[in-house]
Structures are given as C-alpha cells and as structure tokens.
Amino acid sequence: LVDAVATQVGVALIQAEAYASLQDLNEQLEALDRTRSNLVAITGHELRTPLSTIQVCLESLATEPDMSPELRQVMLDTALHDAERMRKLIQDFLTLSQLESGRVQWHPEPLSLAECVELSLSHIRARNLESNLPKIENCISYDLPLVLADGEWVVEVLTKLLDNACKFTSPEGSITIDVTHPNLQALEVTVSDTGRGIEPNRLETVFERFYQEEGALRRSIGGTGLGLAICRQIVNNWGGEIWAVSAGKNQGSQFHFTIPIVSEPIETNGFNGSTNGQ
Ligand code: ADP
C-alpha cells in the first residue's frame, strides 16, 4: 500500500511539474508574441519616418522645376541620408533577428585581438573620411594571448562600440581602447570615451532594442538603436558579458566586454597512451 501511495504521489508530482512547465511555456510564448508585435510596430514606425522624408524630397524635386540648385542639393542630400538610414536599419534588424533566432553559423578560431582592433579602426576611419573624429588611442598590444571567437563578429562588436564612441564624443574629446586580463579564461576589452556620458539609470536600458536617448523623432545623430542589442547577442554567444559604465551626463562612457582566450593545451598523464598531444 505504501508503495502504491508513493507511486501515486510521484505521478501527481510529475503531473504538477508538467503543468507548471506548460504554464511557463505559455507565458513565455505570450511574452514572445508581445515582443514581436512591439518590434513590428517600432520597425514600421522607424521605416516610415525616413520613407516619408524621401517621398517629400522626391515629390518636390519632381514638381518644382524652378527650384534653386542649392535647395535641389539639400533635397537630394536629405533623401540620400534617409535612404542610408533605412538601409542600416534593415541591415541591423536582419542581423539581430538572425542572432536571436540562432541562425548564425559561428566559426570560432584563435585570433589576435590587436588585429581585430586594427581592422575595426580602419573601418571607422574609412567611413568617416570627411568627419573630424575625436583622437583615438589604441592600447592593445600584439603580445596578448589569442582569443577564441569568430573574427567577423569580434570586429562587428568593436566597430559598433567605436562608432558610438565617435558619435557621442566631440572632436575635441578622446577615445581609448584598452584591455585587461582579469582571469585565466578571458580578456576584458574596454572602449572608453570622454563624450556625453549616460545617466546611471540608463546603463542597462541602452542595451534594449531601439533605445535611443533622444527618441527616434528628435534624433540628430544617425543610428538605429539596435547596435548595442546586437553587441550583447554576439558577446553572449561566445560566453562573455558586456556592460556600460558612466558617471553620468557629460562624464564620458566606458563599454566593457569579456572574450575567452585560447586555453593552453592540457597536459595529461596519458591514460589513453598520449601525452601532450603526442
Ligand atoms: P544607436 O544606433 O542609436 O547608436 P545603440 O544601440 O548603439 O544605437 O545605442 C543605443 C543608445 O545608447 C544610443 O542612442 C545612445 O543614447 C546610447 N549610447 C550608446 N553608446 C554611447 C556612448 N558611447 N556615449 C553615450 N551614449 C551612448
């Protein structure tokens, strides 16, 4: 009898557990659905705004043949600027959804962090040929241990952080890229700037999709509001963490992320007959 009762209690417990997990799953699906609707609404809004501007510019160009050459140039520049904003938004949106749905093929390999930083700096310089960038100090040396990650994505994270640092720092300010070796498993990379800073209560919010301090409509500096969300997805994929530090408005910001280093070959006493890879 005791055994029978125990079995029944066991079955009841399993059923209760299964029910709880189903409820959990249901809640998660509902949350996912809400997120998806929000995303569609926000993306629609973010795409409609530049599209309307492009339409107004093209309509004016088409219907006002006597427009002055200066105004014509302004209209063309505005339309091109907003078309570029739409292109970036669509690209970032696709990247983020690929990352979130696990459809990215990762190819981790031993990499020199210094090389990744150099590559990322050359992207930043090429994109800003005509802008006056703040001074960038690169303190990453070639002597560091190799990191284990997918190079393309390491460069993507560095470029997005450097791009932000350039956007939110005046040309008189400065940006520093540095690294520490906090433990045997990882390096910690820091991109710091002397720019406009982040309020302490926003240090986590900045990683949310579409978060921009000015809001989409009042934004004067380009950007999609997806960059840091993408960085977090990438860094989490290699098992690292990414976070922001700032003392507040106009106090500059530091973005830190960790990245695993290649572990040394493990010396075994060879119970399978091999030592040190022999
Ligand atoms: P965006 O495309 O707008 O740069 P991100 O996701 O990269 O989108 O950043 C989100 C927001 O976080 C930015 O719009 C800005 O408000 C804030 N932010 C990001 N980097 C910095 C920085 N280095 N200094 C100050 N604010 C920053």
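Is Phe-257 buried or exposed, and what is its relative accessible area? Phe-257 is buried, with a relative accessible area of 0%. Buried means under 20%, exposed over 50% and partly exposed in between, with a 1.4 Å probe and protein chains only.

This is a predicted model: local features need pLDDT of at least 70, side-chain atom pairs count only at pLDDT 80 or more, and totals for chains, interfaces and linings use all residues. Residues are numbered from 1 along each chain as its sequence is written, and side-chain values use heavy atoms, with hydrogens and water left out.

**Aromatic pairs**

The whole structure holds three aromatic pairs. Rings of Phe, Tyr and Trp (its six-membered ring) pair if their centres lie within 6.5 Å; planes under 30 degrees apart are stacked, over 60 edge-to-face, and the rest tilted. Phe-207 and Phe-255 form one of them, with centres 6.1 Å apart and planes at 65°, so this pair is edge-to-face. Phe-207 sits in the loop between strand 5 (186–193) and helix 5, and Phe-255 in strand 7, so the pair ties together parts 48 residues apart in sequence. Helices (H or I, at least four residues) and strands (E, at least two) are DSSP runs, numbered from the N terminus.

Phe-207 is buried at 6% relative accessible area. Phe-255 is buried too, at 8%. Trp-238 and Phe-257 make a tilted pair, 6.1 Å centre to centre, with 50° between the planes. Trp-238 lies in the loop between helix 5 and strand 6, and Phe-257 in strand 7, 19 residues apart. Trp-238 counts as buried at 12%.

**The ligand**

The table gives polar contacts, which are pairs of N or O atoms within 3.5 Å.

| Residue | Part with the N or O atom | Ligand atom | Distance |
|---|---|---|---|
| Arg-196 | side chain | oxygen | 3.0 Å |
| Gly-225 | backbone | oxygen | 2.9 Å |
| Ser-253 | side chain | nitrogen | 3.2 Å |

Taken alone, the ligand exposes 530 Å², and the protein buries 97% of that. These areas come from the Shrake-Rupley method with a 1.4 Å probe.

**Helix 5**

Buried residues of helix 5 include Leu-228 and Ile-234. The buried residues of this helix pack against helix 2 (69–100), helix 4, strand 6 (242–245) and strand 7. Contact here means heavy atoms within 4.5 Å. Just after helix 5, Gly-239 takes a positive phi of about 85°.

Definitions and conventions:
Polar contact = N/O pair within 3.5 Å; in protein donor to acceptor, adjacent residues only side chain to side chain.
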